[in-house]
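Look over the model, then read on.

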Amino acid sequence: MQIAIQLILTSLQIGAVYILFSLGLTIIFGVMRIVNFAHGHLFAVSALVVATVVSWLAARGFPVLPAYLLAVVAGVAVSMALGYVMYVFGFKYFQRDMVGSFILSIGLVLLLDGILLEIFGGAVRPVPEILPGNAEILGASVTIQRLFLCAMAILITAILYWALTKTKLGKALRAVSLDHEAAMLQGVPYNRMALAGFMIAAALAALAGALIAPISIVTPVIGADYLIKGFIAVIVGGLGSIPGAILGALFVAAIETFGGFYLDPTSATIAIFVLVIVVLLVRPKGLLGHG
Amino acid sequence: MGENLKLPYWFFGIALVLGATLLVSDPYVASVVNIVSIAALIAVSLRFVMLIGELNFATAAFVGIGAYTAGSAITILEWPFLVALVLGGIVAALVSIVFGYITLRTKGPYFLLIGFAFTEAVRIVYSKSMVLGGNSGMVGIFPPIAFDPWMPTFVMAVVALMIFGLYLLERSDFGKILTAIRDNEDVARTVGLNILFVKIACFAIASFAAGMAGSLHAVTNNVISPGDFSFLLAAFALAYVKVGGEDNIVGPLVGAVLLVVLGSYALGLGGHEHIFYGAAVILAVLLMPEGITGLLRRGRDRLMGKGKRHAA
Amino acid sequence: MTKANTVKRLALGVALGLMGSVAIASAQETIKLGLSAPLSGGGAIWGKGSVFMCNRAASEINEAGGVKVGDTSYNFECVAYDNKYNAAEGTKVAQTLLNREGVKFIGGSLGTAPVKAMQSLTERQGVLLFTTAWGSSIKGPKYPLTFTQMNTPFEILPNLIPYVSEAHPEAKTLAMLNPNDASGQETEEVANKVWQDTGIEILTSDFYERGTTEFQPIATRLAALDPDIIDLGGSPPADAGAVFRELDALGWDGVKVVEVGTGADALKATGGDAVEGVYMGAAVSFAGDDISDHQREVNEEAKADIGESLNAIHIGFYDSVYALKAAMEKAQSVDPKEVAEVMPDVTFRTFYGSEIGFYGVDSYGSKQQMQLPVIVTQIQDGELVELDRVVPSGK
């Protein structure tokens, strides 16, 4: 029982980051119908900037919590600026062109791989513990940092959900992702919506990177692992579907956790891939996909 | 059939490149020629599935399956070289039939991303199989000594044969069905075609070519490892297709030659290679959306003042 | 037509000119040392440090007058290519180094799969190969031109494991975790045997995928077994640190080992205080009093250049250059086969400070392994401390 609680908690903690990541992927796909493999680099840039800025401020005597908060602002800003550049000079010209946008994103992946390695080096960036200590939940042990990450992920997801269902922008975005031509006929400015969708996704990736930095291995290649998991989550859940992305992310996290515990991590990775294929065999458009 | 196939061009072209490979004596040039040939075959295989409108990222997996099959047949089973080579293609095609039967019900991004997942999963399976050499890789996959001086010519000949075969298929009635499916699947279905069957056939043919490319990769590289067959292999193949131009089978060939030669230059840039290669890909897709062949065709059309002349 | 011919002639002229300049360069007595190492992706940190150390050794030797063979003195030049840790790129690098650059000596190579690809060419083309790759299948009388430039699990574990087990006589059970890559698989094989010989019971031996960033599930599994010792074998330090941190959060506290752990920096970067007490077998401490000025100076330079303290892999790329110099001077030749012939019997001054040679008849059947000291280190109060230094005996 103790183990089961621990594993469920672990799934939720891991799933929290996957949710932020896959929400971004699914929004971009929904609005622009593109597959962006460079999404992981927005995440990595934010984590790297956070790590660098925190260490820099901490070395100058800043208390660690305000240093971290400043670093998060910096990380998200840099990452979103990069996202803006990506969109304006690249993806803007490849709306609804899956092959073209995909190859562009592969070019960006290679380019950014090289540039990040040049700027940040290959060494792991240390991030000091921001919120020290452990908490006990139903007898299972969780670090406060992880709890904070989970709480933030839930909060961000809730805000996003509210914004998409209640605000004008959110409704327009959803309309575009359901049927962009009908939405345009209704007077929704498609190009502005595409930019908004892309930037929201970039912000989600940047926040996820900033939140994971204190508890993960911050190197220029940190995004790759999350990118693969994030894409699997959105295929399982159904591309373009927000609840699908959340469900898919939790699904991947649960297999990773339970598989890793009862089998071993490598078998768990294979199990994830096999289950994707099984899901698609039953539902070729993912669990909550439509159309 | 026959009148519009431009057969003289093909025969002349194949004879020319084969003749050129006979002049290669420098081992470094030979290795680059082999890499170019194999890259071209992979790119053409990828493009063949694009005829039905799908982006087949599992190409990387099938190249790997071909390579590991040929490698096992030569080093473990000690089967004859040519048998092992063809076996690589056949096993890849068989696996692709099963994989295609399951996944070709999906389309577009789903199919793309499953191919991606499949590629990564297959790679982990190799790395866990000690009989295949695990992560250290499989070593000692040598062609017979007599083949050694002829390898570039041999590889080029196999590749040329495969590409020519795929070209003939594309120009046949079967090829027309494939593009009909891409343009409108429902219309194709209403005339009584079994769409899934046609798609699987297309997929299996392309995978046979990919598997053959894998076999050739194994025997020219002599050593293979799971890391060779990551999704990046398919990403590069897609770059060859996109940079060269996808409208025409010549496009992937142009792209493969150009990017591989650039790539072997960029190898000297060490860690900067990724920056160089990435920038080349980005500039190519931004500035030449129809690839080099598209650019050339437009240039030619303008010169000849023929407006919208359709290039073959 | 004439225009095309002019272009062709120009191209030919340029090509000949280039070849000519290469010929002049070799008349200035330079020996190129080829390096095949990962310079991008996750392994870049090891590759970049290795290139740094090759260059460092080469410039030291060049400034001291070069390599003296007969009346000529040769300068070393390191030429590095990115092998991306896989066989396909490893082959390209090997082809480029051997057949385009005309390299006759590989000063160092990193990554088992690319090294095997390199070796299949070097042995055939008569090129001398130095490597950090571990497998026992890479050495032996079948590969007379191959030499190993760092300690492998075969050297480290029989010294490290008994030391740990004597320091903790109460520890009876063990759980192992390794990355699912060549180094992890090779370390696990040796470790499994040595731990069992020491009388420790192995509860589980698991693998994780390289590139994993989330270690909570596997930490839960390891902690639930509650072993006395957890051995992370061939895991890169950053991964090991992350695992120990998760274990710490779960309340596990026992003996921590990273057998081929190469450094404290990355371990601390991800593990924080949870890595206190970790034993390592391939790390080098630059903190003690017996560190020479030279070692300290090179380490500071390396830290500025690559962002991490030097480790046994990097140092291997330094030592091989001195070994090559010694062998060339002893053989009075720059022919790779002649140099390889005398290599097993030369001695040279290693970066670690002592005068060493080659051994390995017992483990591999021939003398192809540098007789480097095995250094047992532990993290104490956040610092890497050297506990023991064994110079292995044997032939």
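In which sense do strand E7 (residues 173-179) of chain C and E8(C) pair, and over how many bridges? They pair in the parallel sense, over 7 bridges. This is a predicted model: local features need pLDDT of at least 70, side-chain atom pairs count only at pLDDT 80 or more, and totals for chains, interfaces and linings use all residues. Residues are numbered from 1 along each chain as its sequence is written, while chains are lettered from A and ligands numbered from 1 in the order in which they are written.

**Sheet of chain C**
- An open, mixed sheet of 7 strands runs E8-E7-E9-E10-E11-E16-E17 in chain C. Strands are DSSP runs of E, at least two residues, and helices are runs of H or I, at least four, numbered from the N terminus. Pairing needs at least two DSSP bridges between two strands.
- Strand E8 (201-208) and strand E17 (383-390) of chain C are the edges; each has a single partner strand, so one side of each lacks a neighbour in the sheet.
- Pro179(C) has Tyr208(C) as its bridge partner in E8(C).

**Helix on the sheet**
- H6(C) packs on the sheet and touches E7, E8 and strand E9 (229-231) of chain C. Its direction makes about 165° with that of E7(C) (axes are lines fitted to C-alpha atoms, for helices over the stretch in contact; angles run from 0 to 180 degrees between N-to-C directions).

**Contact of chains C and B**
- Chain C gives 27 residues and chain B gives 25 residues (contact: C-beta atoms, placed from the backbone, within 7 Å).
- H3(C) gives the most to the chain C side, with 8 residues.

Conventions:
Contact = placed C-beta atoms within 7 Å.
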